[in-house]
Amino acid sequence: MSSSGKNKRIHIEPFKHPPQMHPHYAEQTWKVLEDAIEKIHNHNASKLSFEELYRNAYNMVLHRFGDKLYMGLINTLTYHLHKIAAVVESAHGESFLRELKNRWDEHQKSTQMIRDILMYMDRTYVQQNQKTHVYQLGLDLWCQVVVRNRQISERLRRILLELVHKERTGEVIDRLLMRSVIKMFTALGKNVYVADFEEPFLSASAEFYKKEANEYISSSDCPEYLRKAERRLTEEKERVGSYLDASSMDRIVSVVQMELILNQMKTLIDMENSGGVALLRDNKYDDLYRMYCLFGQVQGGLELVKEVMANYVKDTGRQLVQDPERSKDPVGFVQGLLDLREKYELIIKQAFKEDRNFRNALNQAFEHFVNLSPRSPEYISLFIDEKLRKGIKDLGNSESDLEALLDKVMTIFRFLQEKDVFEKYYKQHLAKRLLSGRSFSDDAERSLLVKLKTECGYQFTSKLESMFNDIKTSEDMMRDFKDKLEGSETELGLELSVQVLTTGSWPAQATDQCLLPRELEACCEEFQKFYLHVRNGRRLTWQTNMGTAELKFSCGGRSPHILAVSTYQACVLMLFNDSDRLTYQEIADASKIPPAELKRNLQSLALVKGKNILVKEPMSKEVNDSDVFTFNDKFQSKFTRIKIGTVTAQKESEPEKHETRQKVEEDRKPQIEAAIVRIMKARRVLDHNSIVTEVTHQLAPRFNPNPSVIKKRIESLIEREFLERDQHDRKLYRYLA
């Protein structure tokens with residue numbers, strides 16, 4: 001190509017005469033599109049060229065006839081939908097819904113085809129002018145012209161609600177048809193579904209269930225009502241899953257819960273013979289579980305159930321601890337508490353899903369009534385004593401069963417506010433078991449000690465552990481004593497067993513000495529010489545009221561018997577070696593046994609059937625100073641070994657109870673003072689109310705101190721110059737180093 005050719009340029013010039021558009025172009029093109037839309041609506045679109053129709057719509061928008069195209073579409077659709085509304089309106093019964101459903105399906109398909117033809121308008125004109133998109137426009141017009149047509153909307157709503165009502169009353173309905181119609185509402189928009197169906201549906205449901213609740217209440221007991229309510233809730237959830245919108249689940253469930261449960265729960269739980277109290281009383285686990293689940297779905301429901309349970313447990317427990325007949329039997333008293341606890345533990349486990357709030361309420365109820373009886377600490381200790389002495393006969397006396405029982409007893413023990421009172425009694429009972437060697441299981445004794453230590457701390461069990469150590473030490477000492485006797489070839493003439501107890505670790509005992517028989521006196525002197533030789537500087541005090549003995553006796557040439565008796569009883573019986581007949585006064589003078597103890601022991605020897613070694617004259621239940629006792633030479637028994645107990649109350653008498661209470665109060669004083677000093681040493685300055693609060697908190701694991709007693713102990717500490725009052729504020733106390 002030549003260089004001149006390279007410099008040539010091509011110029012494009014516009015038409016000298018611009019092409020002229022046909023003056024009726026827009027009308028003609030819209031007419032084509034309108035006819036096509038009509039054919040689509042009439043299901044006659046098979047011969048249409050969608051490419052040509054798309055191009056026509058494209059050109060109209062391109063030539064700025066978008067307004068005409070959009071408004072023409074609205075008018076055409078509106079006209080067509082008015083015809084559809086008339087057809088739907090003319091249908092009756094279920095055919096009304098079916099006609100509406102079919103027309104809706106057709107309208108959706110038609111609108112989709114129209115949207116495809118007008119896609120360019122949808123993408124440009126509609127977006128630029130912020131108009132409603134074609135498909136949504138079709139839905140909006142359907143809602144406006146058909147669904148919200150005055151004649152159609154009321155009928156549609158009524159028919160839908162009637163069908164739901166029929167299904168609720170047991171009739172079978174066409175769920176697929178219902179589902180299709182409901183989906184139409186949701187397709188038209190959430191607000192349409194809510195306003196045109198859901199709100200009327202919920203209102204009708206509330207009315208239905210309100211009426212049904214009143215019918216149920218008047219014709220059903222509580223368990224039956226709950227079963228019906230549970231069934232209705234299940235039905236409504238299934239109904240939502242079957243043909244309603246999922247968003248209605250919470251709202252319809254809430255309506256059912258309000259009408260069937262919330263508004264009726266107080267009436268239900270208070271029903272006589274079938275309400276909450278009756279279900280708890282009769283251990284109706286399934287019904288209680290159903291109540292727990294249903295009431296748990298409404299506000300305040302579980303609180304109501306918990307309150308009823310707590311109040312009923314309190315009432316039941318109060319009746320138990322205040323029952324005069326129960327109070328006569330300490331073992332039965334505690335067993336009643338254990339049975340009550342086990343009953344409600346099982347209810348909480350099986351009916352209340354191990355709910356911590358319910359267990360806390362149960363614990364508070366037990367703490368309330370267990371401490372209503374001032375004898376609860378004593379009775380719990382007596383119960384433990386009974387089981388550790390005799391085992392559990394009903395369960396085969398296995399140690400595992402005993403261990404399980406002790407765990408249950410510890411549950412009740414935790415509720416005691418006066419654990420120091422329990423300690424006082426437990427120490428007495430433990431001492432008797434250890435000294436008499438009558439404990440069912442040493443392992444169980446030790447295990448209980450560990451439980452008490454874990455629950456209350458080392459200080460609570462330190463003296464109890466010392467008691468066990470004394471028994472072990474005594475066993476070792478007796479072996480040494482016997483070895484010494486064998487080495488010196490000394491004969492005691494009887495078998496002696498001595499237990500040396502540390503003063504302060506064991507319960508304080510009366511020191512009244514009785515006059516031992518000559519044979520026993522010599523043995524005691526021999527042991528005392530041995531003990532003081534190996535334990536120089538110590539002092540022994542004989543506690544004859546705590547000892548036991550075994551005596552061999554025979555009468556009338558019959559086979560001899562062995563009597564297991566207390567030391568006091570042995571002293572009395574050995575007096576009859578020298579005399580067949582003794583008055584009460586002669587026995588008292590010869591033995592020096594305290595009168596109260598002597599009378600109890602004489603009752604055991606003379607008044608217990610089958611064990612009456614002595615005969616009392618005159619015969620009566622009480623021993624008087626004028627009575628005369630003779631040896632029963634006609635005594636017979638099929639047993640070789642006979643145990644003679646001491647006639648005594650298993651529980652303390654009122655004077656003994658008063659004495660124990662005084663001892664406890666005295667023991668509390670140094671504990672309260674120690675707590676005050678500890679607090680003041682840390683805080684230096686504190687007001688009176690704060691001291692009372694902190695002392696009460698510190699001592700709560702052992703007992704609840706009385707504020708007036710705390711005040712007296714503060715005064716005592718001020719007198720002894722541990723504390724002083726502030727010079728300017730008399731309610732303030734200062735610690736003095």
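Predicted model: local features only at pLDDT ≥ 70, side-chain atom pairs only at ≥ 80, totals over all residues.
A salt bridge is a side-chain nitrogen of Lys or Arg within 4 Å of a carboxyl oxygen of Asp or Glu.

**The chain as a whole**

- The chain contains 32 helices and nine strands.
- Its radius of gyration is 49 Å, whereas a compact globule of 737 residues would come in near 27 Å.
- If you draw a box along the principal axes, the C-alpha atoms fill roughly 160 × 75 × 70 Å.
- Take the contacts in the chain with a separation of 6 or more: 70% of them come from residues 24 or more positions apart.

**Surface and charge**

- Out of the chain's 737 residues, 45% count as buried.
- On the charge side, the chain carries 112 positive and 110 negative charges, and their mean positions sit 4 Å apart.

- Elsewhere, salt bridges that share partners tie Glu167, Arg168, Arg175, Glu236, Glu238 and Arg239 into one network.
- Arginine 55 and glutamate 51 have their own salt bridge, at 3.3 Å from N to O.
- Both of these residues belong to helix H3 (residues 50–62), where arginine 55 and glutamate 51 are four residues apart, or about one turn of the helix.
- Arginine 55 counts as partly exposed because its relative accessibility is 41%, while glutamate 51 has 58% and so counts as exposed.
- Glutamate 106 pairs up with arginine 103, and the closest N and O atoms of this salt bridge are 3.7 Å apart.
- Glutamate 106 and arginine 103 are three residues apart in helix H5 (residues 94–117), so about one helical turn separates them.
- Glutamate 106 is partly exposed at 29% relative accessible area, and arginine 103 also counts as partly exposed, at 23%.

**Backbone details in the loops**

- Which peptide bond is cis, with omega near -5 degrees? That's the one running from glutamate 617 to proline 618.
- You'll find proline 618 in the loop between strand E4 (614–617) and strand E5 (628–631).
- Asparagine 273 isn't a glycine, yet it has a positive phi of about 70 degrees.
- The loop that holds asparagine 273 runs between helix H14 (265–269) and helix H15 (276–281).
- Is asparagine 273 buried or exposed? With a relative accessible area of 62%, asparagine 273 is exposed, since the word applies to values over 50%.
- Glutamate 354 is another residue with a positive phi, about 55 degrees, although it is not a glycine.
- Look for glutamate 354 in the loop between helix H19 (330–350) and helix H20 (356–370).
- Glutamate 354 has a relative accessible area of 41%, so it is partly exposed.

Notes
Residues numbered from 1 in each chain as written. Heavy atoms only, no water. Helix = DSSP H or I, 4+ residues; strand = E, 2+ residues; numbered from the N terminus. Rg over C-alpha atoms; globule rule 2.2 N^0.38 Å. Buried < 20%, exposed > 50% of the residue type's maximum accessible area, 1.4 Å probe, protein only. Contact = heavy atoms within 4.5 Å. Lys, Arg positive; Asp, Glu negative; His and termini not counted. Charge placed at Lys NZ, Arg CZ, Asp CG, Glu CD.
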